[in-house]
Amino acid sequence: MRTLTLNHDYAEDLTTFLAKLADVAVWEKLGSEASAEHIDPDTEMTVRTPMPKAELPSALASRLPSETELVEVYMIPGDVLGTDAEVRMTARAAGVPVEIDAVLELHEVASATKLTAHAEISSSIPMFGAMIEQAVVPILQKRLSDRLQRFETV
């Protein structure tokens, strides 16, 4: 298992930021297909994003279907008391033997939101799992970092 931690600051308060996370239109502006299921008071957001083979290691890309997509599921809290919230996220892609489990810790400070993402990347392939995880971490780090920055502009 590999771990990854990313940080990003947003100029929005926590409530506004959580509302953006739970907004299908925001995800669509980022180039993903999204659907929301409201589980009172929370929202389960499913986000599907194409995974261009050019971004993947060639040994892995050659074994994937042509239309591979990353499927992320976020559990977004609807009721937040105070200045802290936690969003859980899982991700997987068909044909890719890797699972991602993450916690997004959100803290409101002076009407801004500080995000810390803690992700665990694991592969179920015996003997080759560590090699696959190692190859996926830099790709995941770049994609998540880019998304965190783009999320601010939507």
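Strands here are DSSP runs of E with at least two residues, numbered from the N terminus. In this predicted model, proline 41 sits in the loop between strand 2 (33-39) and strand 3 (42-50). The peptide bond joining aspartate 40 to proline 41 is cis, with omega about 0 degrees.

**Overall form**

The protein chain contains 4 helices and 7 strands. Read from the N terminus, its elements follow the order β-α-α-β-β-α-β-β-β-β-α. The radius of gyration is 16 Å, which agrees with the value near 15 Å that a compact globule of 154 residues would have. Along the principal axes, the C-alpha trace spans about 45 × 30 × 25 Å. Among contacts between residues at least 6 apart in sequence, 54% join residues at least 24 apart.

**Surface and charge**

The accessible surface amounts to about 8,600 Å², and carbon and sulfur atoms account for 53% of this area. The chain carries 13 positive and 25 negative side chains, and the centres of these two sets lie 9 Å apart.

**The core**

Buried residues make up 40% of the 154 residues. In soluble globular proteins, nonpolar side chains tend to be buried together. The largest nonpolar core of this chain has 43 residues, of which Trp27, Tyr74 and Ile121 touch the most other members. Helix 4 (residues 129-153) supplies the largest share of this core, 8 residues. Beyond its neighbours within four places in sequence, tryptophan 27 is in contact with several residues, including Met45, Val47, Tyr74, Arg147 and Phe151.

**From strand 6 to strand 7**

The loop between strand 6 (96-109) and strand 7 holds alanine 110, and serine 111 also lies in the loop between these strands. Neither residue is a glycine, yet each has a positive phi, as listed below.

| Residue | Phi |
|---|---|
| Alanine 110 | about 50 degrees |
| Serine 111 | about 60 degrees |

Alanine 110 counts as exposed because its relative accessible area is 76%, and exposed means over 50%. Alanine 112 belongs to strand 7 (residues 112-123). With a relative accessible area of 24%, alanine 112 is partly exposed. Leaving aside neighbours within four places in sequence, the contacts of alanine 112 are Tyr10, Ala11, Glu12 and His107. The C-alpha atom of alanine 112 is separated by 32 Å from that of glutamate 69, a residue 43 residues apart from alanine 112 along the chain.

Technical notes:
Residues numbered from 1 in each chain as written. Predicted model: local features only at pLDDT ≥ 70, side-chain atom pairs only at ≥ 80, totals over all residues. Heavy atoms only, no water. Rg over C-alpha atoms; globule rule 2.2 N^0.38 Å. Buried < 20%, exposed > 50% of the residue type's maximum accessible area, 1.4 Å probe, protein only. Contact = heavy atoms within 4.5 Å. Areas by Shrake-Rupley, 256 points an atom, 1.4 Å probe, with all protein chains shown as cover. Lys, Arg positive; Asp, Glu negative; His and termini not counted. Charge placed at Lys NZ, Arg CZ, Asp CG, Glu CD. Core = buried A, V, L, I, M, F, W, Y, C linked by side-chain atoms within 4.5 Å.
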